[in-house]
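Please keep the sequence and the three-dimensional view at hand while reading.

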Amino acid sequence: MNIEIASSQMESLGNSTRLRIYRALVRAGVDGLPVGGLQQKLGIPASTLSHHCRKLIDGGLVTQERIGTTLICRANYKSMNALIGYLADECCADGRCVETVEAAEA
C-alpha cells in the first residue's frame, strides 16, 4: 500500500458518521447490511447515508452489491487489513517498542 491510498482511507474514516457506518459494516461480517437496515440501525437519513457510503466506497473500504431491489453494503476486509498492516508494518523501526520498555521497567 502506498501513502496516498492509506491517506485517502484514513480521510474516509476521519468523519464520525462514516466511522459509525464502517464499524457497523465490519460488525456485520461478510453478509453485510442492506442500505435500509444500515439506515435504520444508525438513524441516518437516506441522503446522508448515501453521501457517506460513497466516500467509503471511493476510499476502497466498502463495497456495494445489488441483489434484486436490495443494495447490500459490505466492509472490504482486504482493504481494512491492508490499512492496518500499513500502519503497523514499521512499528518501532526507528526506536524501542512499548512492550520492550514496559518489560525493562518491570
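In this predicted model, Ser12 touches Arg18, Lys55, Leu56, Gly59 and Leu61, leaving aside residues up to four places away in sequence. Ser12 belongs to helix α1. Its relative accessible area is 7%, so Ser12 is buried, the cut-off being under 20%.

Helix α5 may be considered next. This helix comprises 12 residues, 77-88, which at 1.5 Å a residue should span 16 Å; the C-alpha atoms at its ends are 16 Å apart, in agreement with that expectation. Within α5, the residues Ser79, Met80 and Leu83 are buried. Viewed down the axis of α5, the buried residues fall within an arc of 105°, and therefore they line one face of the helix. The cover over these buried residues includes α1 (3-13) and α2 (16-28). At the start of α5, Asn76 places a side-chain oxygen within 3.3 Å of the backbone nitrogen of Lys78.

The charged side chains remain to be described. Side chains of opposite charge can pair when their charged atoms come close. The structure holds 2 salt bridges. One of them joins Asp58 to Arg54, with 3.4 Å between the closest N and O atoms. Asp58 and Arg54 are 4 residues apart in helix α4 (residues 46-58), and so about one helical turn separates them. Asp58 is exposed, with a relative accessible area of 56%, whereas Arg54, at 43%, counts as partly exposed. A salt bridge also links the side chains of Arg74 and Glu65, at 2.6 Å from N to O. Glu65 has a relative accessibility of 37% and therefore counts as partly exposed.

Key. Residues numbered from 1 in each chain as written. Predicted model: local features only at pLDDT ≥ 70, side-chain atom pairs only at ≥ 80, totals over all residues. Heavy atoms only, no water. Helix = DSSP H or I, 4+ residues; strand = E, 2+ residues; numbered from the N terminus. Expected span 1.5 Å × (residues − 1). Buried < 20%, exposed > 50% of the residue type's maximum accessible area, 1.4 Å probe, protein only. Arc of directions from axis to C-beta. Contact = heavy atoms within 4.5 Å. Polar contact = N/O pair within 3.5 Å; in protein donor to acceptor, adjacent residues only side chain to side chain. Salt bridge = Lys/Arg side-chain N within 4 Å of Asp/Glu carboxyl O.
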